Amino acid sequence: MSDTLDTLENITYDELQEGDSATYVKTLTEAELVLFAAVSGDVNPVHLDAAFAADSSYQVRIAHGMWSGSLISAALATVMPGPGTVYLEQSLTFRQPVRLDDTLTVNLKVLAKGRRNRVTLACDVRNQNNEKVVTGEAKVIAPTQKISLSKPLLPKITIER
């Protein structure tokens with residue numbers, strides 16, 4: 001699923017099978033980088049200041065690590081299992097920096113189903129060059145009732161400096 005679909009439909013605990021997989025794709029824009037900094041409060045200059053970043057080991061501005069982590073959250077909430085999912089736990093290993101205009105693909109794979117509707121999923125995030133940027137594992141409570149709903153319309157947000 002991309003973030004442009006108009007309908008969200010979940011996959012219930014009973015429908016999920018070990019080995020099931022799903023993807024979610026998003027590109028990091030300048031506006032999203034700045035908005036993430038504003039919302040999170042993480043104003044590290046390696047994210048926001050090109051001159052500062054030029055002297056860093058990456059030599060360019062990079063995304064907040066948790067921006068990539070938030071894409072995993074979005075994938076779990078909108079794709080698999082989808083609406084009604086309760087996020088319990090997440091491990092993350094950051095393997096490569098994410099730069100402006102990188103397109104990330106979140107790959108989710110069901111590893112195990114447990115008691116009380118618990119599901120463990122492998123999380124693998126890759127850039128447009130198929131390089132791993134984040135790996136980890138998520139634990140969720142999968143929904144038990146089927147849900148299909150219109151994707152909410154979000155307000156337009158502008159950035160003023």
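These legends describe close-up views of a predicted model. Local features need pLDDT of at least 70 and side-chain atom pairs count only at pLDDT 80 or more, while totals for chains, interfaces and linings use all residues. Residues are numbered from 1 along each chain as its sequence is written, and side-chain values use heavy atoms, with hydrogens and water left out.

**View 1. The buried side of helix α1, residues 30–40.** Helices (DSSP runs of H or I, at least four residues) and strands (runs of E, at least two) are numbered from the N terminus. L33, V34 and A37 are the buried residues of α1; buried means under 20% relative accessible area, exposed over 50% and partly exposed in between, with a 1.4 Å probe and protein chains only. They lie on the same side of α1 because they cover an arc of only 95 degrees around the axis, taken from the directions from the helix axis to the C-beta atoms. An α-helix has 3.6 residues a turn, so residues three or four places apart point the same way.

**View 2. The surroundings of α1.** The buried residues of α1 pack against α2 (45–48). Exposed A38 and V39 sit on the face of α1 turned away from its buried side. After α1 comes G41, with a positive phi near 85 degrees.

**View 3. T12 in the loop between β1 (7–9) and β2 (21–27).** T12 counts as buried because its relative accessibility is 7%. Leaving aside residues up to four places away in sequence, T12 touches P143, T144, Q145 and K146 (contact means heavy atoms within 4.5 Å).
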